[in-house]
Amino acid sequence: MPDHSPAAPIPGETPPSPAVLKKAIAASAIGNATEWFDYGIYAYGVAYISTALFPGSTSEATLFALATFAISFLVRPLGGLFWGPLGDRYGRKTVLALTILMMAGATLCIGLVPSYESIGGWAPILLIVLRLVQGFSTGGEYGGAATFMAEYAPDDKRGFYGSFLEVGTLAGFSLGALLMLGFALLLGDEAMHEWGWRLPFLVAAPLGLAGLYLRSHIEDTPVFREVEAAGDREPGHLFELSDLFRHYWRPLLVLGALVIALNVVNYTLLSYMPTYLQVRLGLSTEEALYVPIIGMLFMMLFVPAAGALSDKLGRKPMWWASLGGLFLLVVPLYQLMATGLWGAIVGFAVLGLLYVPQLATISATFPAMFPTPVRFAGLAIAYNVSTSLFGGTAPAFNSWMVGLTGDVLVPAYLMMASCLIGMAALPFVIETAGQSLRGTEIPGTSASQRQLGHDVEAGRPV
């Protein structure tokens, strides 16, 4: 049985004040909210974006728009390779300030792209370029935000505080969806197709500026500053990447497998669901937007509680419950969604509730799989490679497979397969609930405990 008790306090260490901790949480969460705000307005506005910026029939244009959504994920690993080592060498906050600026700027510019009718093929080309910029910046955003959050949080409450990063995910996605739905109801279908779909993209500018302000006005994490003061940082990009792939390839593979389970479910539920409900199950445009919005707001209520529960029970039991529950119930719940609007609302809400134990514990589980000197890079690279291959492609792959087979349960089968991959990887995860993230060893290992013991004896401060 793993030891969930908090690590011994470090003599001379001053924990962050409640005010600083709240500021750190906000600085982390707002970037994630901005990222998912873009996903929300794109996913929920795909019917308008496809007809405005792509040629062909409605179904062809929709598939092109979903493929463009997936294209941005292809450069996320490059972003991880670029931003991750920079975050480990120069600090988490510096990289996070840059990534949120790029991400919000690209989202704003999407709302300014002229229509296909105006500039022809340049419209989809400009959209693709901007999605690539978003993907590259996002390659450093999530790994950095999760690392920042985890390294600021108290060891015995890392699950609870880390869960607010995912509250930001759902809040950003819900805000994007609500804006797109609100403008659709206010302006009507014709105005939305002509120009109304652009308005939500313009909101990215103030979100990005708020995030930049918060991230620029807070110190880097105490864990990183300790390593920096001790001179234990990697000397450069190539040295860190060599060290990472040579010594930490096992956690890279395990994390990548968990991310497959996590993000196939995530992008199928959050990004593909409006298209699926409208095109495949026959709900109206407004109904197809109501269902996930209600479901996400319902999920937000339970995320902090699930994070706090993981501090008491451990991260792995939460993941076992989520993966097992989804595997067993996803097909009946998809069948329930096919019965109509209320069936779709209930089915989505239950699927979301089963997914919450994974979602709530990401930023407590994943950063703890690597030691401090390579934490940002390890998380950013493994997370983004897996996400680019199996997460961002899920909406387009689901749409293509449903059209090819005619089976509307294809998304459910894909989620089941991803859960099996996650269950195969989970036994290799080290339980780190209550364990310190300090030092240059993998948290939760005997080497990490010995290092912390030596630090306590030496009275080494942060």
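How many residues has helix 22, and how far does helix 22 reach from its first C-alpha to its last? The views below come from a predicted model, in which local features need pLDDT of at least 70 and side-chain atom pairs count only at pLDDT 80 or more, while totals for chains, interfaces and linings use all residues. Residues are numbered from 1 along each chain as its sequence is written, and side-chain values use heavy atoms, with hydrogens and water left out.

**View 1. The span of helix 22 (residues 410–425).** Helix 22 has 16 residues and reaches 23 Å, close to the 22 Å expected at 1.5 Å a residue, where the expected span is 1.5 Å times one less than the number of residues. Helices are DSSP runs (H or I, at least four residues) numbered from the N terminus.

**View 2. The buried residues of helix 22.**

**View 3. Two cysteines, Cys109 and Cys419.** Cys419 is buried, with a relative accessible area of 1%, whereas Cys109 is partly exposed at 34%, a class that lies between buried and exposed (over 50%). A search of the whole structure finds zero disulfides, a disulfide being a pair of cysteine sulfur atoms within 2.5 Å.

**View 4. Phe37 in helix 1 (residues 18–44).** Phe37 counts as buried because its relative accessibility is 0%. Leaving aside neighbours within four places in sequence, Phe37 is in contact (heavy atoms within 4.5 Å) with residues including Gly172, Pro200 and Leu207.

Note on methods:
Buried < 20%, exposed > 50% of the residue type's maximum accessible area, 1.4 Å probe, protein only. Helix = DSSP H or I, 4+ residues; strand = E, 2+ residues; numbered from the N terminus.
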